[in-house]
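Here are a few notes to read alongside the structure.

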Amino acid sequence: MARIIGGMTSSHIPAVGNAYHRKLFQDPYWKPFFDGYPPIHEWLAREKPDVAVVFYNDHGSNFFLDKMPTFSIGAAAEYRNEDEGWGIPTIGTFQGHPELSWHIIEGVVEDGFDVCSCQEMIVDHGFTVPVQLFWGDENKGAIKTIPVCINTVQHPLPSPKRCLEFGRAIGRAVRSWGGDEKVVMLGTGGLSHQLDGTRAGFINKKFDLMCMEKIVDRPDELAEMSIHDLVREAGAQGAEFILWLAMRGALGDDVVKLHQNYHIPISNTGAGTMLFEAVA
Ligand code: DHB
Ligand code: FE
């Protein structure tokens, strides 16, 4: 049976993709952010997962406001990145795992989540930046990916509780797959940030740290929040925290937190990085 061995979280800020490309790892502005990743690189080098299920949100690259599915899952053999206009060079394709994708899609639909299946999907910085941060351009070929996209851009957004339950359904589907893959769950985006409007630049460190603490053992408490609570406390785009809750749901009941890093600001965002090991 496939095994979910753990999960990671990372912000997915476009400027990070640029800094990565320019190798600014030791630059004083970027160092406290990039220093959050080597402990996760060591864990990945030891555990060697085969598949990453990536909970992310599309920012207008694959879906636009005219068509906005709440939950969508990639079922392609590969996923392409396209220029979003941030000045980040596009990176090569990401390998998919269509057989496992379809198994997950069948599982979650049976479980009551009527997802949009995507046999073609362009992935944007929400997906590419975290995969690059965890595996690097050199090693990204070592991992097969399954993009799971949750709408965080056009209201109504799915509630935190719904996203936690969606993650749990994905976890059940992965555990029922007959292959022997080792699977990791990625939650991308967040933490607090608001990119536009009168609160542009809003960051809430206290709230971010509370979320990072509770997500370990008390995700259901966080899932009591409404989307409006989340927007108020974390900013309009801080609602991306629902992606972290979906990741946490997929890990199963018990996890051990192995590592965390929090740094502000990175391009007006509270940047949170975490590593969890799933307890079988
Ligand atoms: C920015 C964009 C994002 O998608 C995000 O999650 C955080 C920050 C940005 O443009 O700064
Ligand atoms: Fe984002």
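1. The rule used here gives 2 cavities of 30 Å³ or more. A cavity is a set of points, on a 1 Å grid over the protein atoms alone, where a 1.4 Å probe fits but cannot get out; lining residues have an atom within 4 Å of a point. Bear in mind that this is a predicted model, where local features need pLDDT of at least 70, side-chain atom pairs count only at pLDDT 80 or more, and totals for chains, interfaces and linings use all residues. Residues are numbered from 1 along each chain as written, and side-chain values use heavy atoms, leaving out hydrogens and water.

2. The largest cavity holds about 110 Å³ of space. Of its 13 lining residues, N81, E84, I88, P89 and T128 are the closest to the centre. Helix α5 (residues 125-139) gives the most to this lining, with 4 residues.

3. About 40 Å³ lies in the second largest cavity. Its lining includes D58, F63, M68 and C149.

4. Now the metal: H12 (NE2), H59 (NE2) and E240 (OE) coordinate the iron ion (ligand 2) at 2.0 to 2.2 Å. Donors here are N, O and S atoms within 2.8 Å of the metal (3.2 Å for Na, K and Ca); water is not among the atoms, so the site may look incomplete. H12 and E240 sit 228 residues apart in the chain, and both are buried (under 20% relative accessible area, 1.4 Å probe, protein chains only).

5. I170 is in contact (heavy atoms within 4.5 Å) with V53, F55, I73, I104, V108 and V148, leaving aside neighbours within four places in sequence.

Key. Chains lettered and ligands numbered in written order. Helix = DSSP H or I, 4+ residues; strand = E, 2+ residues; numbered from the N terminus. Buried < 20%, exposed > 50% of the residue type's maximum accessible area, 1.4 Å probe, protein only. 1 Å grid on protein atoms, 1.4 Å probe; cavity = no way out; pocket = protein on both sides within 12 Å on 5 of 7 lines; lining within 4 Å. Points joined across faces, edges and corners; volume = space filled by probe spheres on them.
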